Amino acid sequence: MAEIGGGGGGGCCPPMDLMRSEPMQLVQVIVPMESAHLTVSYLGDLGLVQFKDLNSDKSPFQRTYAAQIKRCGEMARKLRFFKDQMSKAGVSPKEFLGNDVDIDLDDVEVKLGELEAELSEINANNDKLQRSYNELMEYKLVLEKAGEFFASAHRSATAQQSEIESQQQVGEDALEAPLLQEEKSVDPTKQVKLGFLTGLVPREKSMVFERILFRATRGNIFIRQSVIEESVVDPNSGEKAEKNVFVVFYSGERAKSKILKICEAFGANRYPFSEDLSKQAQMMTEVTGRLAELKTTISAGLDHRKILLETIGDKFEQWNLKVRKEKAIYHTLNMLSLDVTKKCLVGEGWSPVFATPEIQKALQRAAVDSNSQVGSIFQVLRTKEMPPTFFRTNKFTTAFQEIVDAYGVAKYQEANPTVFTIVTFPFLFAVMFGDWGHGICLLIATMYLVLREKKLSSQKLGDIMEMAFGGRYVILMMSLFSIYTGLIYNEFFSIPFPLFAPSAYECRDASCSEATTIGLIKTRDTYPFGVDPVWHGTRSELPFLNSLKMKMSILLGVAQMNLGIIMSFCNAKFFKSAVNIWFQFVPQMIFLNCLFGYLSALIIIKWCTGSQADLYHVMIYMFLSPMEDLGENQLFPYQKTVQLTFLFLALISVPWMLLPKPFILKKQHEARHQGQSYAQLGETDESLQVETNGGAHGHEEFEFSEIFVHQLIHTIEFVLGAVSNTASYLRLWALSLAHSELSSVFYEKVLLMAWGFNNFLILIVGILVFIFATVGVLLVMETLSAFLHALRLHWVEYQNKFYEGDGYKFAPFTFTLLGNEDE
């Protein structure tokens, strides 16, 4: 590649040119240490310099500003902590409208540390209080449910005792075991005092919990459980869970230790309980009082926490932007190399030529504002490195440029397909989607995004909505072209209308009573714009619209492929590659147009003359029997001679593409490196140019076999691709036909059928089904399908003729997108 650099360029911003990328230059900036931070900050505001990493051999911890980046990272962590806390509390950060972040980083660091400590203390106290509150809530439930067990048992035992006393069968027996009846004939000295444990166990584990207890104690327990209707907050996990209150009666310390271990294993929370009813009432009163106190305390703590978070939210965006900006500045400073004197930093990077005055002005302003006694040095370097590609776009062209960049970024100064894609992409979409009713629906939806773009651009949208909003102008162009092609096809939700004039045909007899094409005669002038409405009658007898779409697909395909080859000529001419012009561009044009260009010409001639010639027969026998008379398939005089000439040129163009170029390139290489002659670098094929780094000279070995095989593959690919790509454009016809047929099915089989029942309810249902089918299938699925096929036609059939897409995008250091980036 020719050397890049030199010349600072004049003026601020020349007119935007999408055909070629902006002229770029490699610049060097030498900045004093005292003004380095401010200089990089001003260049970040400018956003027109892409710095190169001159310390790529160093790890992040070995760089000059590693400590500052670590410091910014710690502040960013605190800000993420604040953001998470605000999100949980439902506090939204206040939008920061200022352009400059004129606050000191040290003050921000101190403030963030204080706020984090205060917020962490509030959270810790709140968690502790909340845990106590949750424990008391569970304790209260245990007191209620277990108290019911004992009260019920006490009432039952009292009733039994009264009955026994009334029958005078028992003397003065005491009520010793209200839940477990024991034989009173046993010796009182051998009676065992039962103990019990109370608590809560997760409901899904309650049955297993009970079985394990029985197995572990060999059935020497008595357990009662009660379901808690509402979920409770577990004190340990802080999450809501469904639980049961349990009471386990046991005998002996050994059984108790087993029960305690099982409770711990099942996550069952245990609480103390007294079988004394008066003590139960006293404990319930104490727990209720403490709950009220804790609730008041927690509420006050939450109010204080919310006030603190609102205070943080007022300054959050300002602090966040400041920290992000400082971190980006120090990352960039780490890409600059430290001078041996350690008094200045040296940076290199790419910038557009037109940005030179602005960069110099920013350097001067940084030196003045930082009170530096030494100014920065700015100079342009000469290099043979491949510069980045930079296209200046606006809100309209950005989406189209991104469609092209998704295939591959243009090489520096390579012809940009976006210029033509702005028109051809929505037009090819519309050829497949053509219906002016559906186009209007798409236009209305798009106008909502366009008219509210200022408001929507500041909001966070979902993934699908974000994608639609970003491509709103692409969809706008698609809808406008769809309305145009729909008028050409004369289709409004698949219904033809005589919009511009009455139909040129009328019924001759009753055979065309159903508006079919049988029996129609022309009675007035031809329909002025688009397809005559009656041609939608039956496609079997007069498939004119179907034939029109098919032949238009071929014409559009051949035209766009020719455009792609012309673009390859523009690239070859720009890179001064005469070899590519004469042995790639010229034979490709000849091959394509002698075959498919000739087919396109025959289609147009047939339309103009009204001939009934069979074009399939003409093209097939052009190869199989080129000397045979055409007969009724002749469309113009000397057609046979023209076909023989085109056939000869098409056949000769194949070896023309294959053979000369490798030998010419070999001769040029030998002439350059054997000293026989000196050819200018720009006269050779750009694929063989040696790109060097920093002006170093290299020598590339020429492999003739590799060049020949590469050219053979390229030739075969073009010859086969010319056929397959032309056939691929028939998808324009196929999808257009499918869209039309689907529209017709929904109209006839849903809407008209519902209308024919003469029932209001069925009509409403039919209209709703028609609307949902139209929106879901035709306006969403069909739109996506046509979009993807249009994308494929541009990436494969069009761009592969000329577009290499092996460049890399210009990514300047800028603060513009810092506010929208996630850490």
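**Helix packing and nonpolar cores**

Helices H15 and H18 are roughly antiparallel to each other, since an angle over 145° counts as such. In this predicted model, helix H15 covers residues 578–609 and helix H18 covers residues 660–673. Their axes cross at roughly 165° and come within 10 Å. The crossing of H15 and H18 is right-handed. On the H15 side, the contact is made by Val579, Asn580, Phe583 and Gln584, while H18 brings Pro660, Lys661, Ile664, Leu665 and Gln668. Sorted by class, the residues in this contact of H15 with H18 are 5 nonpolar, 3 polar and 1 charged.

Helix H2 (residues 66–89) packs against helix H6 (residues 277–333) at an angle of about 150°, and their axes lie 9 Å apart. That angle makes H2 roughly antiparallel to H6. The crossing of H2 past H6 is left-handed. From H2, the residues making the contact include Cys72, Met75, Ala76, Leu79, Phe82 and Met86; from H6, they include Leu309, Ile312, Phe316, Trp319, Asn320 and Val323. In total, the contact of H2 with H6 divides into 14 nonpolar, 6 polar and 4 charged residues.

Leucine 79 is part of helix H2 and counts as buried because its relative accessibility is 2%, where the cut-off for buried is under 20%. Setting aside residues up to four places away in sequence, leucine 79 touches Leu112, Phe316, Trp319, Asn320 and Val323. Between leucine 79 and asparagine 320, the C-alpha atoms are separated by 6.8 Å, although the two residues are 241 residues apart along the chain.

The nonpolar cores come next. In soluble globular proteins, nonpolar side chains tend to be buried together. Here, the largest nonpolar core has 70 residues. Within that core, the residues that touch the most other members are Phe425, Phe429, Val474, Phe591, Leu602, Tyr729 and Leu732. Helix H15 gives the most to this core, with 12 residues. Leucine 602 is in contact with Leu615, Val618, Met619, Leu635, Phe636 and Gln639, leaving aside its neighbours within four places in sequence. Another core, of 54 residues, lies apart from the largest one. Val40, Ala328, Trp350 and Ala355 are among the residues of this other core.

Terms used: Residues numbered from 1 in each chain as written. Predicted model: local features only at pLDDT ≥ 70, side-chain atom pairs only at ≥ 80, totals over all residues. Heavy atoms only, no water. Axes fitted to C-alpha atoms, helices over the stretch in contact; angles between N-to-C directions. Helix = DSSP H or I, 4+ residues; strand = E, 2+ residues; numbered from the N terminus. Parallel < 35°, antiparallel > 145°, perpendicular 65-115°, else oblique. Left-handed = near helix turned anticlockwise from the far one by under 90°. Contact = heavy atoms within 4.5 Å. Nonpolar A, V, L, I, M, F, W, Y, C, P; charged D, E, K, R; others polar. Buried < 20%, exposed > 50% of the residue type's maximum accessible area, 1.4 Å probe, protein only. Core = buried A, V, L, I, M, F, W, Y, C linked by side-chain atoms within 4.5 Å.
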